[in-house]
Amino acid sequence: AVAARGAAGARLRAARVVDDFFVAGPLQEAALDLVSSPAWRTHRRRRAEALRERRDALVAAIRREMPAASLDRVPAGGFHVWLRLPEGVDDVELAAEAARNGVIVSPGRPWFPGEPEGPYLRLAFAGAPAAELERGVQILGTLLQP
């Protein structure tokens, strides 16, 4: 950490603004080369297909293994789904118990700007293969059983 007042502080703040708000020219050129490359479309299409497959595997596993929970909406894109938990389930405690069992999920409560209308889990599917997602849902389903 750096702390300064007066002229020195003003120079440090100005340097910070330049650092934080502007991207260096070489990085801009590299990004432009990447997104204007013919391979970029292929990469995006393949990533979208992989994400769709993972999302669909997660949704199918939830519907099969966790009938007491529900998906209010299956997203058309993105990296996660919102799982509505049965009333009375503590999302923070369930997420902690899941972590103790090797499944990392986010409790929904911190993601809401106000009080949520019920308990939710935020389940990410972007970084795990379908088999791992299915195994995670099986564990969650077991933890939800009374």
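Colleague: Where does arginine 84 sit?

Modeller: Arginine 84 is in strand E2, residues 80-84. Strands here are DSSP runs of at least two residues, and helices (H or I) need at least four, numbered from the N terminus. Bear in mind that this is a predicted model: local features need pLDDT of at least 70, side-chain atom pairs count only at pLDDT 80 or more, and totals for chains, interfaces and linings use all residues. Residues are numbered from 1 along each chain as its sequence is written, and side-chain values use heavy atoms, with hydrogens and water left out.

Colleague: Is arginine 84 buried or exposed?

Modeller: Buried, because its relative accessible area is 18%. The cut-offs are under 20% for buried and over 50% for exposed, with partly exposed in between (1.4 Å probe, protein chains only).

Colleague: Which side chains does the arginine 84 side chain make polar contacts with?

Modeller: Glutamate 87, at 2.9 Å, and tyrosine 120, at 3.3 Å. A polar contact is a pair of N or O atoms within 3.5 Å; within protein, one must be able to donate a hydrogen and the other to accept it, and residues adjacent in sequence count only if both atoms are side-chain atoms.

Colleague: OK, switching to the strands. What does E2 pair with?

Modeller: E2 runs antiparallel to strand E1 (residues 70-71), joined by 2 bridges. E2 also pairs with strand E4 (residues 120-124), antiparallel too, over 5 bridges. Pairing takes at least two DSSP bridges between the strands.

Colleague: Which residue in E4 is the bridge partner of tryptophan 82?

Modeller: Arginine 122. The charged end of arginine 122 sits over the ring of tryptophan 111, 3.8 Å from its centre. That label needs NZ of Lys or CZ of Arg within 6 Å of the ring centre and within 35 degrees of the ring normal.

Colleague: And how many aromatic pairs are there?

Modeller: The structure holds 3. In one of them, tryptophan 82 and phenylalanine 112 have ring centres 5.7 Å apart and planes at 65 degrees, so that pair is edge-to-face. Rings of Phe, Tyr and Trp (its six-membered ring) pair with centres within 6.5 Å; planes under 30 degrees apart are stacked, over 60 edge-to-face, the rest tilted.

Colleague: How accessible is tryptophan 82?

Modeller: Partly exposed, at 28% relative accessible area. Tryptophan 82 also forms an edge-to-face pair with tyrosine 120, 6.3 Å centre to centre and 85 degrees between the planes. Tyrosine 120 counts as buried, at 6% relative accessibility. Trp82, Phe112 and Tyr120 form one aromatic cluster.
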